[in-house]
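Morning, everyone. I have one structure to walk through today. Let me put it on the screen.

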Amino acid sequence: YSVMGMGHAEFGGGPVDEVHDGHAAHGWDGPPRQPGDRDVDSLTGPGDRPADVAVELVAARDGDRYTLNGTTPGPELRVEQGDLVEVTLVNESVPDGVTLHWHGVDVPNAEDGVAGVTQDAVAVGGSHTYRFVAEDAGTYWYHSHQVSHSQVRGGLFGTLVVAPPAGEAADHDVVAAVHTYGDGPTVNGRRDGLRVDAAPGESVRLRLVNTDNEVKRAWLADGVAFRLLAVDGRDVHEPSLVTDAAVTLPAGARVDLGFEAPSVGTAARVELGGTTVVVAPPGAAVAPADVGDAPAEDVDLLHYGTPAPLGFDPAAADREFEYRIGRRFGLVDGRPGMYWTVNGSMFPDVPMFVVSDGDVVRMRIENSGADNHPMHLHGHHAVVLSRDGEPATGSPWIVDSLDVGRDETYEIAFVADNPGIWLDHCHDLPHATEGLVAHLAYT
Ligand code: C2O
Ligand code: CU
């Protein structure tokens, strides 16, 4: 079972004959069994249990736009923690084939939706069913992982909320996914921004999702205070009130903001990467445009919130890896050019990071490239230990999508507890096409 070479079907956007429709037609049973697979269930998802939520998503292409069930983006999926989720993806008319990756959800490997690694892309006329238990409450999104750099850009994505058990819900729990098309930014596909009607004093949980390739900033205008409740689907421990600072939202990342709806006559205006969310009393006339000046400061997650136990000891690492991002001249798909490198090599030639189930892993991500790189690790969440040698002092800062700026070095740690073969790549998706992809593989 080799990933090398197969993987090109995904990022290369190769010819249609790389899509093996035999598998699509007969269903895909997960990676072949190997002697090392002690627990096959953990690789292939729950067996006979009936689904709590079953959804069909029909993918279609219309010029350079993509739709799911006829809309761009696709439907917002809401499930409850613990639900067995079953999503059947049908490819109606996407010529390059399509998959669904559950970005930020630590699903079993066979459900990860990476064409060329965990499944073949679903060809036109085919379908594929994903099954996973939504173990962790939080804000996520899903998107195609076949020719992702153009399919995600073209709208082949949607949002997924895993709601915590009842009783903890805010009065208004709203997802706002920002996405930029050629003609400008949208929120939830709307060009005119998003309006939330909320009576003064009601609680609002705003789940921001960045589906673009570039980092966004989000802030509340008019001095409305908020708390940064969660990052990448993981709660911040004892988040403090923020006023007059912005939150940065790397490509692929999510942040949940909590605040009280302001009183009559005023509104909470959330500026989100060039589009606006307005929270105002029902009937109040509020122009979305005026969000004031951007705050000078960003919330620094290295020091935000209060420390809490991690559940593992990053100092007792079983494996230590370097993920050095660079750039050099080379060939990708036979085309010469300047490409991104991981430890000096380009996808698919980057040696795998090999772990065993249960390992505590430390990884040093060093970016000496000429750009920022939002690094996304599939199947796992990692805790940030330090940035440029400065240790984290706040709440455990847990990520699946971490922006590593130019000349920055991060140290992260995670427990390898989800066997399979996982991508660890840049979510500025053209960069992934241009070499910035590595794999984490379990022995
Ligand atoms: Cu959101 Cu490998 O992707
Ligand atoms: Cu990058």
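On one side, 14 residues of domain 1 touch 17 residues of domain 3. Keep in mind that this is a predicted model.

Which elements supply the domain 1 side of that contact? Helix 1 (8-11), helix 3 (41-44) and helix 4 (148-151) each give two or more residues to it. The residues on that side split into 5 nonpolar, 7 polar and 2 charged.

Now the bounds. Domain 1 covers 8-163, domain 2 covers 172-280, and domain 3 covers 319-442.

Take the span 66-165. Its end C-alpha atoms are 34 Å apart, with 4% helix and 38% strand. For 339-440, the end C-alpha atoms are 21 Å apart, with 5% helix and 50% strand.

Next, the whole chain. The secondary structure comes to 5 helices and 32 strands. The chain has 443 residues, and 49% of them count as buried. What about contacts along the sequence? Take those with a separation of 6 or more: 76% of them come from residues 24 or more positions apart.

Strand 11 and strand 20 (residues 275-280) run parallel, joined by 4 bridges. Down at residue level, Asp 197 has Ala 280 in strand 20 as its bridge partner.

Is Thr 118 buried or exposed? The cut-off for buried is 20 or more other C-beta atoms within 10 Å. Thr 118 has 27 C-beta neighbours inside 10 Å, so Thr 118 counts as buried.

What does Thr 118 touch, leaving out residues up to four places away in sequence? The contacts are Asn 109, Ala 110, Asp 112 and Gly 113. For a distance to Ala 60: Thr 118 and Ala 60 are 58 residues apart in sequence, and 22 Å apart in space, C-alpha to C-alpha.

That's my tour. Over to you.

Technical notes:
Residues are numbered from 1 along each chain as its sequence is written. Chains are lettered from A and ligands numbered from 1 in the order in which they are written. This is a predicted model: local features need pLDDT of at least 70, side-chain atom pairs count only at pLDDT 80 or more; totals for chains, interfaces and linings use all residues. Domain bounds come from an automatic or database domain assignment. Two residues are in contact if their C-beta atoms, placed from the backbone, lie within 7 Å. Ala, Val, Leu, Ile, Met, Phe, Trp, Tyr, Cys and Pro count as nonpolar, Asp, Glu, Lys and Arg as charged, and the others, Gly among them, as polar. Two strands pair if DSSP finds at least two bridges between them. A residue is buried if 20 or more other C-beta atoms lie within 10 Å of its own, exposed if 12 or fewer, and partly exposed in between; C-beta atoms are placed from the backbone.
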